[in-house]
Amino acid sequence: MTEPTHHDLRTTLSRIDGKGYKAYHDIKGSWALPRFTLVVDYVQGDPYAAPSRVRVRIPGSVTELPPEACRPGARAVGTGCLLARCFGQEAGSRGRSRGSGRSGELRIEDPAQKVIRNTAVQVAPDGAVEARFRVGLPARGRRVLGGQAAELLLDDVPEIVQASLVASAHESGELLRHAEVNEDAEVLREALEERELAGFVADGAVLPRRSGIDDRPLEGPAVVPFRSPDELRVTLEAPNAGAVTGMGIPRGVTLIVGGGYHGKSTLLRALEQGVYNHRPGDGRERVVADPDAVKIRAEDGRSVSSVDISTFIGLLPGGTETRHFSTPNASGSTSQAAAIMEALEAGARTLLIDEDTSATNFMIRDRRMQALVPREREPIIPFIDRVRELHDTLGVSSVLVLGGSGDYLDVADTVVAMTDYLPADVTERAREVARAHPTGRESEVPGPLPELPDRRPRRDSLDPSRGRRSVSLKVRDQDAIRFGTDEIDLGAVEQLVSWAQTRAVSEALLLARNRFMADRPTVPRLLDAVMDALEEEGLDLLGHGHDGDLTLFRRHELAAALNRLRTLEVDA
Ligand code: ADP
Ligand code: MG
């Protein structure tokens with residue numbers, strides 16, 4: 001049987017014109033258009049519901065993408081993200097209301113500034129492209145508008161494809177640039193390990209963003225491009241750009257100090273986002289961090305399920321022990337302690353901490369406070385007393401933004417001072433200051449780092465059911481997953497970067513529960529199982545199978561979601 005053609009689709013649409021909305025089910029399936037295949041995977045229930053899911057598959061002979069832009073891995077991902085952005089722009093300029101509700105909507109997941117493997121646009125080695133997007137099938141009231149649907153699917157979609165997904169839609173060199181820049185970023189990140197660096201910020205990088213809600217680079221004369229201090233400058237080799245110079249942040253304990261408003265947090269944020277790649281022109285395309293760098297912050301009010309926080313918190317008032325600490329309502333300090341222990345469990349190798357978002361009493365207890373409040377009455381072992389041990393014993397580095405507490409000078413390997421947005425290496429001077437002004441504080445460490453107990457999440461505590469539905473997942477926005485009846489608040493998980501990533505995490509929780517929890521794995525084994533399965537079988541393992549709105553995440557973000565599930569119960 002040959003595939004029905006665009007003529008057949010047109011005929012079907014005119015046949016169902018004026019019928020009830022359900023008649024749109026007749027267009028489900030594949031249609032051979034002149035230059036590509038159109039697949040309708042899912043038809044929305046009514047014009048007000050989430051729009052229908054549609055795919056186009058364009059053969060390499062039509063896209064004519066250069067093979068160098070399609071090599072599997074970083075190059076194909078870089079190209080795919082460029083195509084998705086262009087498709088989104090074209091769709092945005094053509095989409096318009098074509099009736100009631102969401103009729104006429106045309107939308108693809110736009111990767112914005114990030115370049116991360118995703119399902120919106122996938123590029124095959126032979127140049128074939130598959131793009132997945134949403135279409136609001138047109139209706140008046142709840143009656144099919146067949147003519148409008150034909151215009152949308154048979155005129156607009158082919159025009160958008162022609163203007164975004166084929167080589168001729170792009171200026172020469174542009175495609176290759178996106179592929180190569182992404183490949184370079186990948187190689188730069190891989191070089192960190194061997195060079196014993198926790199992060200790298202290239203000379204010339206632009207770190208500040210337009211605003212807290214606009215991730216595009218700040219522009220204008222006020223922008224100060226990054227320039228490494230000579231002492232910390234390293235040269236890394238990128239396959240396409242060649243030698244790239246910039247500041248290498250050595251493994252160990254690094255402080256970023258300096259006056260308020262001099263760019264400390266901006267630098268840390270660039271590092272925290274440097275676990276992901278960025279598009280050419282972003283300003284951070286050559287800023288890379290340890291792929292296992294995890295941002296740590298205080299998050300009072302979160303839930304914690306049986307985490308051993310005794311590394312940082314001793315016996316709590318009322319005699320609550322902290323080897324198996326659970327609470328529906330953590331304090332600033334206990335939440336930050338739990339975040340670190342959970343990150344270590346998930347395999348973090350670098351901790352990124354900003355004083356702006358830390359609990360002060362977790363970070364430091366100075367000499368005067370030690371004198372006033374005896375140790376027996378202070379359960380907190382401040383981070384300053386563990387940060388060296390974390391590195392020297394476990395090999396876990398820390399990068400800390402600190403403007404307020406000089407006590408940390410005693411425990412730092414490297415000190416970078418930000419002045420007018422530019423870094424200076426003040427490590428030597430910091431040592432002198434530390435010698436000249438002893439803090440007199442005493443270490444509060446009661447003993448060596450405790451062995452961490454295995455945590456085995458209980459499968460039945462991950463319950464995706466809600467009412468009569470056996471599975472109910474909802475991702476309202478980037479910061480919130482509803483898993484069954486449980487709300488997972490991800491507002492403080494700063495390395496989750498898009499709605500599509502959060503959605504993928506929500507589906508991965510379901511996958512973890514359905515496929516990998518029967519033999520009660522520990523948390524790290526569970527994370528391994530899910531991440532390995534995604535590596536081997538691809539992102540289509542998640543969701544319905546052909547979803548266009550899934551973006552890959554790291555094991556750390558999956559762990560963050562699991563650990564914030566309020567119903568989570570853990571055997572430890
Ligand atoms: P700090 O953490 O030291 O108080 P921030 O990193 O929050 O400072 O930066 C303060 C302001 O300066 C922010 O609005 C930020 O966007 C801006 N900024 C940071 N780095 C630069 C830069 N390199 N060029 C121009 N503006 C910058
Ligand atoms: Mg700051």
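Two strands count as paired if DSSP finds at least two bridges between them. Strands (E, at least two residues) and helices (H or I, at least four) are DSSP runs, numbered from the N terminus. The model is predicted: local features need pLDDT of at least 70, side-chain atom pairs count only at pLDDT 80 or more, and totals for chains, interfaces and linings use all residues. Residues are numbered from 1 along each chain as its sequence is written, chains are lettered from A and ligands numbered from 1 in the order in which they are written, and side-chain values use heavy atoms, with hydrogens and water left out.

Six strands form an open sheet in the order 18-21-22-15-23-24. The pairing is mixed. Strand 18 (293-296) and strand 24 (422-425) stand at the edges. Each has a single partner strand, so one side of each lacks a neighbour in the sheet. The twist averages 20° from one strand to the next; axes are lines fitted to C-alpha atoms, for helices over the stretch in contact, and angles run from 0 to 180 degrees between N-to-C directions. Methionine 418 has proline 423 in strand 24 as its bridge partner. Helix 6 (residues 264-273) packs on this sheet. Its contacts (heavy atoms within 4.5 Å) include strand 15 (253-258) and strand 21 (350-354). The direction of helix 6 makes about 150° with that of strand 21.

A second open sheet has 3 strands in the order 26-27-28, with antiparallel pairing. Its edges are strand 26 (473-477) and strand 28 (486-489). Strand 27 (residues 480-483) is joined to strand 28 by 4 bridges. Phenylalanine 483 stands opposite aspartate 486 in strand 28. Helix 12 (residues 499-516) packs on the sheet and touches strand 26, strand 27 and strand 28. Its direction makes about 160° with that of strand 26.

Ligand 1 has 14 residues around it (a heavy atom within 4 Å). Val224, Tyr261, Lys264, Ser265 and Thr266 come nearest. Polar contacts are pairs of N or O atoms within 3.5 Å. A polar backbone atom of valine 224 lies 2.8 Å from a nitrogen atom of ligand 1. An oxygen atom of ligand 1 is 3.1 Å from a backbone N or O atom of glycine 263. A polar side-chain atom of threonine 266 is 2.6 Å from an oxygen atom of ligand 1. On its own, ligand 1 has 570 Å² of accessible area (Shrake-Rupley method, 1.4 Å probe), and the protein covers 81% of that.

How values were computed: Polar contact = N/O pair within 3.5 Å; in protein donor to acceptor, adjacent residues only side chain to side chain.
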